[in-house]
Amino acid sequence: MTSIPNVIQELTELLSALPGIGKKSAQRICFYLMDRPREEIVRYAKGLIDLKDKITHCPICHFITEETPCAICRDPKRDETVLCVVEDSLDVISIEKTAAYHGKYHVLGGLISPLDGIGPEDLSIDQLVKRLDNVKEIILAINPSVEGDTTAHYLHKIISRHQDIRMTSLARGIPVGGDLEFTDEATLTKALEGRSDMNGRHHDQ
Ligand SMILES: [Zn+2]
């Protein structure tokens, strides 16, 4: 039996830990890369290191960025009286693709999940509360799930102390257990337009 070289074994193991990549795919990627020109491999390596060294989270909204604050927070054309609250940066990217939203964002960095030991203090909720002064509407664009609902409920409790802030949530055109990231742009745009007040009234603007 021929033994697989260590280098390949190690890289296969690393790759197979990536989301959506099994052992077989990892091995296939490994063999594919082995045949690529060296300069291409250097670009992969550099890309990965840059990802770690150059990307940070915006100190205001927590979206991923190379410059702080991020381009969305810096954009004077965006309505800062409307904040769309999302679980992670991928959700911002999905909503930006619709081009139907012109307010700003707040990225929570996860959802409240007592089973996983994630509480409100582990998310950027404190920073969200600090941003509420000039805010007129908070749109909760959180994926429907047990954790999503727990988080929405918690945020609703905190934000309803500010009586002048309207709280809305995305219309449930998004399938339960679905993910904003995988929702097509037309559905997401409709969900934004049809958002409803969290006390049950339909959004009437
Ligand atoms: Zn930002």
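A residue is counted as buried when its relative accessible area is under 20%. In this predicted model, Cys61 falls in that class, because its relative accessibility is 2%. Cys84 is likewise counted as buried, with a relative accessibility of 0%.

The two cysteines were also examined for bonding. A disulfide requires a pair of cysteine sulfur atoms within 2.5 Å. The cysteine sulfur closest to that of Cys84 belongs to Cys61, and the separation of 11 Å is too far for a bond. In the structure as a whole, the number of disulfides is zero.

A further buried position is Thr65, whose relative accessible area is 8%. Thr65 lies in strand E2, which spans residues 64–65. When neighbours within four places in sequence are set aside, the contacts of Thr65 are Lys54, Ile55, Thr56, His57, Cys58 and Cys70.

The packing of two helices was considered next. Helix H5 comprises residues 89–98 and helix H8 comprises residues 185–193; their axes come within 9 Å of each other and cross at roughly 90 degrees. Angles of 65 to 115 degrees count as roughly perpendicular, and H5 is therefore roughly perpendicular to H8. On the side of H5, the contact is formed by Ser94, Ile95, Lys97 and Thr98, while H8 contributes Glu185, Leu188, Thr189 and Leu192. Sorted by class, the residues of this contact are three nonpolar, three polar and two charged.

Definitions and conventions: Residues are numbered from 1 along each chain as its sequence is written. This is a predicted model: local features need pLDDT of at least 70, side-chain atom pairs count only at pLDDT 80 or more; totals for chains, interfaces and linings use all residues. Side-chain values use heavy atoms; hydrogens and water are left out. Axes are lines fitted to C-alpha atoms, for helices over the stretch in contact, and angles run from 0 to 180 degrees between N-to-C directions. Helices (H or I, at least four residues) and strands (E, at least two) are DSSP runs, numbered from the N terminus. Angles under 35 degrees count as roughly parallel, over 145 as roughly antiparallel, 65 to 115 as roughly perpendicular and the rest as oblique. Contact means heavy atoms within 4.5 Å. Ala, Val, Leu, Ile, Met, Phe, Trp, Tyr, Cys and Pro count as nonpolar, Asp, Glu, Lys and Arg as charged, and the others, Gly among them, as polar. Buried means under 20% relative accessible area, exposed over 50%, partly exposed in between (1.4 Å probe, protein chains only).
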